[in-house]
Amino acid sequence: MPSGRALANLITSEISMDTGLIIELGPGTGVFTHALIERGIDQKNIALIENDAAFVTRLQHRFGHAHTFCIDASRLHEVKFFDGAHAGAVVSGLPMLSMSPRKMIAILDGAFTKMRPEGSFYQFTYGPRCPIPRTLLDRLGLKAMRVGRILVNVPPATVYRIVRRKPRPAASGERIGV
């Protein structure tokens, strides 16, 4: 079932023209893509990563100026976006709860290599907590923060912002890199 408009508005709520380039994973029917465009993001500044060829055809027709790639999101590292420029955010419509830890790592690692250091990865879930297990977040040096919950979506959904952890400053007298 496609995501609802309220969820699309929430998952894109922190994104503006100032965010810069956007990568969208699993856009499906384009509900989140449409919300990004409504927020002022130019289609040419959006890369759509979709694995289903039928959806890719629809997306290319509907969002003709966006960069659309028919590829599994776990292979992000293989694709060059925006002439090598880094994105400001990734918006994910992927069903992370149904993925193996290995696939989640490949997706997150690929996404964060395509983003600026301060970039944010937005993920929604129908589950009761962040769909990326804490152990994987720790392993990748990431942290998740809840953006909000939409009860009017069917089913209700929660959006998380995942970002890089800031390096811990050295304690007084502690030697770094030893």
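Helices (H or I, at least four residues) and strands (E, at least two) are DSSP runs, numbered from the N terminus. The model under study is a predicted one.

**Exercise 1. Describe the secondary structure and overall dimensions of the protein.**

Solution. 
1. Counting the elements gives five helices and seven strands.
2. Read from the N terminus, these elements follow the order α-β-α-β-α-β-β-α-β-α-β-β.
3. The radius of gyration is 16 Å, close to the 16 Å that the globule rule gives for 178 residues, so the protein is as compact as a globular protein of that length.
4. Along the principal axes, the C-alpha atoms occupy a box of roughly 60 × 40 × 30 Å.

**Exercise 2. Characterise the burial, the surface and the contacts of the protein.**

Solution. 
1. Of the 178 residues, 47% are buried.
2. The accessible surface amounts to about 9500 Å², and carbon and sulfur atoms account for 54% of this area.
3. Consider the contacts between residues at least 6 apart in sequence: 66% of them join residues at least 24 apart.

**Exercise 3. Determine the volume of the largest pocket and the make-up of its lining.**

Solution. 
1. Rolling a probe the size of a water molecule over the atoms shows where empty space is left.
2. The largest pocket holds about 620 Å³ of space.
3. Its lining comprises 31 residues, and those nearest the centre of the pocket are Gly26, Gly28, Gly93, Leu94 and Pro95.
4. By class, the lining of the largest pocket consists of 18 nonpolar, nine polar and four charged residues.
5. At least two lining residues come from each of helix 2 (31-38), strand 2 (46-50), helix 4 (101-113) and strand 5 (115-125).
6. Strand 5 contributes the most to this lining, with three residues.

**Exercise 4. Is Ile150 buried or exposed, and with which residues is Ile150 in contact beyond its neighbours within four places in sequence?**

Solution. 
1. Ile150 belongs to strand 6, which spans residues 142-150.
2. The relative accessible area of Ile150 is 14%. Buried means under 20% relative accessible area, so Ile150 is buried.
3. Once the neighbours within four places in sequence are set aside, Ile150 is in contact with Ala6, Leu7, Leu10, Pro156 and Ala157.
4. Gly4 lies 146 residues from Ile150 along the chain, yet the C-alpha atoms of the two residues are separated by 9.6 Å.

Note on methods. Residues numbered from 1 in each chain as written. Predicted model: local features only at pLDDT ≥ 70, side-chain atom pairs only at ≥ 80, totals over all residues. Heavy atoms only, no water. 1 Å grid on protein atoms, 1.4 Å probe; cavity = no way out; pocket = protein on both sides within 12 Å on 5 of 7 lines; lining within 4 Å. Points joined across faces, edges and corners; volume = space filled by probe spheres on them. Nonpolar A, V, L, I, M, F, W, Y, C, P; charged D, E, K, R; others polar. Rg over C-alpha atoms; globule rule 2.2 N^0.38 Å. Buried < 20%, exposed > 50% of the residue type's maximum accessible area, 1.4 Å probe, protein only. Contact = heavy atoms within 4.5 Å. Areas by Shrake-Rupley, 256 points an atom, 1.4 Å probe, with all protein chains shown as cover.
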